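Hi there,

Here is the structure I promised to pass on. Have a look at it first, and then read my notes below.

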Protein chains: 2
Amino acid sequence: MSRPKALSGFPELTPEQRIVEQQVLDRLREVFELHGFASVETRAVEPLGTLAKQGEIDKEVYAVQRVAAEPGSAADLGLHFDLTVPFARYVLEHAHQLAFPFRRYQVQKVWRGERPQEGRYREFTQADVDIVNPGALPAHFDVELPMVTLAALERLHVDLALPPVLMRVNNRRLAQGFYAGLGIEDTVAVLRQVDKLDKIGPDRVAALLVDEVGVTPAQAQACVRLATISSADASFVDRVRALGVSDPMLDEGLELLADVVTTASAYVPGRLVADLKIARGLDYYTGTVYETELVGHESMGSISSGGRYDSLASDGKTTYPGVGLSIGVTRLLVPLLGRGVLRATRSVPTAVVVALTTEDQRPAANAVAARLRERGIPTEVAPEAAKFGRQIRYADRRGIPFVWFGAGEGETDEVKDIRSGDQTPADPATWEPPAEDLHPRVVAGG
Amino acid sequence: MSRPKALSGFPELTPEQRIVEQQVLDRLREVFELHGFASVETRAVEPLGTLAKQGEIDKEVYAVQRVAAEPGSAADLGLHFDLTVPFARYVLEHAHQLAFPFRRYQVQKVWRGERPQEGRYREFTQADVDIVNPGALPAHFDVELPMVTLAALERLHVDLALPPVLMRVNNRRLAQGFYAGLGIEDTVAVLRQVDKLDKIGPDRVAALLVDEVGVTPAQAQACVRLATISSADASFVDRVRALGVSDPMLDEGLELLADVVTTASAYVPGRLVADLKIARGLDYYTGTVYETELVGHESMGSISSGGRYDSLASDGKTTYPGVGLSIGVTRLLVPLLGRGVLRATRSVPTAVVVALTTEDQRPAANAVAARLRERGIPTEVAPEAAKFGRQIRYADRRGIPFVWFGAGEGETDEVKDIRSGDQTPADPATWEPPAEDLHPRVVAGG
């Protein structure tokens, strides 16, 4: 075959980029597990009926069918397009094997048959955290889940040089209670207009509320004022109160949102604001909603979103409310890698190449490599016996910092740091590279 | 919906079983990286034309098509059925970004539209290691690749209580040279009969060689005698020589296979034998071939196989020979988990649950948890304020070893080992669980 072409919408990383992705996934897993979340993987396929129930997303599903199936027979399976629908099915199917409340994280690829465009992928990796419980799920989990997600994203910022994030949080019951207190019943219709605030501005939104939803100009003004409130601490509560609306559901929403903001300011300072215009997934979430932007890269859109859903899964007898967030790993990383914001210090795990001047040395070189590996030092033996310069070039092309010389030559072995040129005597039983050279590191690019 | 049913052939693990799988995958990754292999992931789909080229496997491919595609239009993508075909395509597509010889490992799910049966899966995880190089690939890589694979499998045995393995190795050039030395040209026809040795015995194979392949009875006897030779050291060479056949290709094969056996006996003693009846993938491999059984579980079949392929990939100008092995992670683990051979010491990552007697304590409990997590101790806060017994039960159901009491109560905190019942004063800034309790461990079941 001639050189294959890339498939649009199916990004593939180079080995160096993959090292960045691996370290990102490692940090996410570490933080999720520190918070007691257990890993789950679900099969890649679900019955098309389960996937199609989600309504709108229907057209984006990839159907899967054996090539050897009867011609003309209908496909009955599809690739999952998110990790929430499969998780809901997993909870119902395996409920008898799970301990509730069930805390799970799930890192897998998902597929959507979208028309490819900038920032849209047909195959991408998501990292989800959710808690579900049969019957009722206490409100404090609405506070915990964004903390876990922010702790994970903060770890990427501190350890791996990713930009910091800002999470915006709102509560649908707060809005619903406020509108009810104003005498407006159709929450969804109002939110649909309020959602346009950033695009068309407060005046146009107020006009649309009057013209399309049929509220009074005074009601419309109050709705717009509510939506423009945002704060990094609990001061938003007084600003909402100052609008003079009262309702029990509003109180409940204010209290919960204040708890989220207050807890966040202690746990991950500066990374979360209450923002009362956030609407997200109008028909899906039932309480707190979250979205997250990457500071300095806001045009990338939300890189982590989620919320509370009061009926994630139901088997007819038991309903499982849940709350959770999803981090768009591919959506986050591919643009940052493409823009050179992040890179790995080398393209291979190898820290040391053991050089050979003749093939006869290979067993001795293998023995040196084995001793280094026993102590956790990633080591390769040179692919061929070659002169000094060629061995150095082999390491240099891959960013491998050290070349080992003299294995099996009966004299003292030596190891060369090819960056500084320093060459020193070394014993394979004791020599260690500096800790920062042991594994490739992820650093800011440029 | 009512409780969903499992899909046959798509195994899903419980959270506890998934901990076993994660630790298996962690160990494989660690060993591959210690040997300098870089991780690659390829997209899940390939053009059907690329997949169909592999001939026989054709019927087992899952085709993928957007639900919204034109009715009646033909699918042009399929899910990959192994990691070798996608890797060959990746090498051709990204050759300009790779450094050769290119050492890669790849751990991903693959899909086959097979009729499900015992030990066959429609979705399963493989872990592959391969080295490829444009033009020519030195023979010492035929020795290195089984060493890496055996080191990885040995790590699973030593660290995670999996059974030990036995790898059987042969060389197609050895057989081809031997047959040529006997005056037989159709190597494939002979191997096809020799492959039946274990099933039908030497006499029937010899008869088939005469009847079906048309060799003389003396030639048939020599072929059968060759196939019955096996040894854990290089002594097989003398036994082959004693058959009195000589040929340059035979010499070459003997030398390489002796090198594999000798190196293995030093690097991973007792885990590899030369076995001259191993045929594997008749039309595919061109040199050394490997297959591996789990000692005590031989009926599971080969759990790691591979070989040398002299034309893994070609873009018309450049050909890339390669050598590699694949570990069938699902094929290996699902039966062992099902038989209870392996289990995890708990079903969650959590080492400590911080108990609450009132909801007012939650912020103080969160603070204790945060301090423990800062020091790498996986910690949850109890989902609800409850009495002593209920908190213990919460931990016990999940296998969590420690429960923390007294957070924010103004007195000294205490931590209880719920297995022994020991309760001792503890400071969240300094207390540590015993190292073996920090993370779930994988242990022999039963």
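By how many degrees does α7(A) bend at A:D203? The answer is about 75 degrees, where the bend is the angle between axes fitted to the seven residues ending there and the seven starting there.

A word on the model before going further: it is predicted, with local features needing pLDDT of at least 70 and side-chain atom pairs counting only at pLDDT 80 or more, while totals for chains, interfaces and linings use all residues. Residues are numbered from 1 along each chain as its sequence is written, chains are lettered from A and ligands numbered from 1 in the order in which they are written, and side-chain values use heavy atoms, leaving out hydrogens and water.

Helices (H or I, at least four residues) and strands (E, at least two) are DSSP runs, numbered from the N terminus. Helix α7 of chain A (residues 197–213) spans only 15 Å between its end C-alpha atoms, whereas a straight helix of 17 residues would span 24 Å at 1.5 Å a residue; that expected span is 1.5 Å times one less than the number of residues. Its buried residues include A:L197, A:G201 and A:V205 (buried means under 20% relative accessible area, exposed over 50%, partly exposed in between, with a 1.4 Å probe and protein chains only). The buried residues of α7(A) pack against α6 (187–194) and α8 (217–227) of chain A, contact meaning heavy atoms within 4.5 Å. After α7(A) comes A:G214, with a positive phi near 85 degrees.

**A strand inside chain A.** Strand β11 (residues 304–314) of chain A is largely enclosed by the rest of the structure, because eight of its 11 residues are buried. Strand β10 (residues 288–294) of chain A runs antiparallel to β11(A) and is joined to it by two bridges; two strands pair if DSSP finds at least two bridges between them. In that pairing, A:V289 stands opposite A:G307. Eight bridges link β11(A) to the antiparallel strand β12 (residues 319–328) of chain A, with A:S314 opposite A:T319. β11(A) and β12(A) make a hairpin with four residues between them, and A:G316 in the turn has a positive phi of about 95 degrees.

**A loop residue to look at.** A:T350 sits in the loop between β13 (342–344) and β14 (352–354) of chain A. A:T350 is buried, with a relative accessible area of 0%. Leaving aside residues up to four places away in sequence, A:T350 touches several residues, among them A:P378, A:I400 and, from the other chain letter, B:G36.

Happy browsing!
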